[in-house]
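Hello,

Here is the structure I promised to pass on. My notes on its helix packing and core follow below.

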Amino acid sequence: MAAQPTVHAHQSQHFEDLQMSAREFYTLLKGMIEEYRYPDVVCEPVTLSEAGLFSSKREYLRISKQRYHYYVCASPFGKSFFISWWLKEDAHTAANVTRRFGWLGRTMAAKMESKTYYEIDTELMFTSSITSIIKMAVEKVKADKGYRKDLQIVTQ
């Protein structure tokens with residue numbers, strides 16, 4: 001059984017009657033992130049299936065630092081446009097395997113998954129910073145496209 005990533009957050013923004021390209025938004029967002037020069041943060045396009053093995057593919061911008069990944073999707077939807085982002089954490093594969101070996105394995109797995117204050121602070125800085133930058137990019141789209149409707153970012 002493969003270890004599954006943990007979804008920590010999902011947010012989205014819908015724009016009525018707005019047309020733009022996903023690549024335009026990804027370029028904007030990637031440029032904003034690169035301006036901050038965060039260490040070990042990688043932004044790259046990835047292609048994911050919409051449903052199953054033979055379904056259509058969709059391009060996302062993945063923003064990563066260690067086991068944490070944001071998957072940002074920007075896409076037209078009929079006459080509208082949406083931006084959606086997910087924060088996922090990769091499973092700790094070594095800990096999941098070790099956990100299967102009884103009491104000693106569970107003890108070792110717990111140790112493997114424990115984090116120092118520095119590691120926790122770094123993760124929190126990454127997640128709060130990237131979330132903030134994504135929201136700034138959404139606000140920039142609103143301003144640049146003359147979008148005046150009061151929209152709320154949807155958090156799930």
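Helix α1 (residues 22–35) packs against helix α4 (residues 117–144) at about 135°, and their axes are 10 Å apart. Axes are lines fitted to C-alpha atoms, for helices over the stretch in contact, and angles run from 0 to 180 degrees between N-to-C directions. That makes α1 oblique to α4 (under 35 degrees is roughly parallel, over 145 roughly antiparallel, 65 to 115 roughly perpendicular, the rest oblique).

This is a predicted model: local features need pLDDT of at least 70, side-chain atom pairs count only at pLDDT 80 or more, and totals for chains, interfaces and linings use all residues. Residues are numbered from 1 along each chain as its sequence is written, and side-chain values use heavy atoms, with hydrogens and water left out.

From α1, F25, L28, L29, M32 and I33 meet α4 residues including I130, I134 and V141 (contact means heavy atoms within 4.5 Å). The contact has 12 nonpolar residues, no polar ones and one charged (Ala, Val, Leu, Ile, Met, Phe, Trp, Tyr, Cys and Pro are nonpolar; Asp, Glu, Lys and Arg charged; the others, Gly among them, polar).

The largest nonpolar core has 33 residues (buried Ala, Val, Leu, Ile, Met, Phe, Trp, Tyr and Cys joined through side-chain atoms within 4.5 Å; buried is under 20% relative accessible area, exposed over 50%, partly exposed in between, with a 1.4 Å probe and protein chains only). F25, L29, I63, V72 and I83 touch the most other members. Helix α4 gives the largest share, seven residues. Beyond four places in sequence, F25 contacts M20, V72, A74, I83, A137, V138 and V141.

Regards

Methods. Helices (H or I, at least four residues) and strands (E, at least two) are DSSP runs, numbered from the N terminus.
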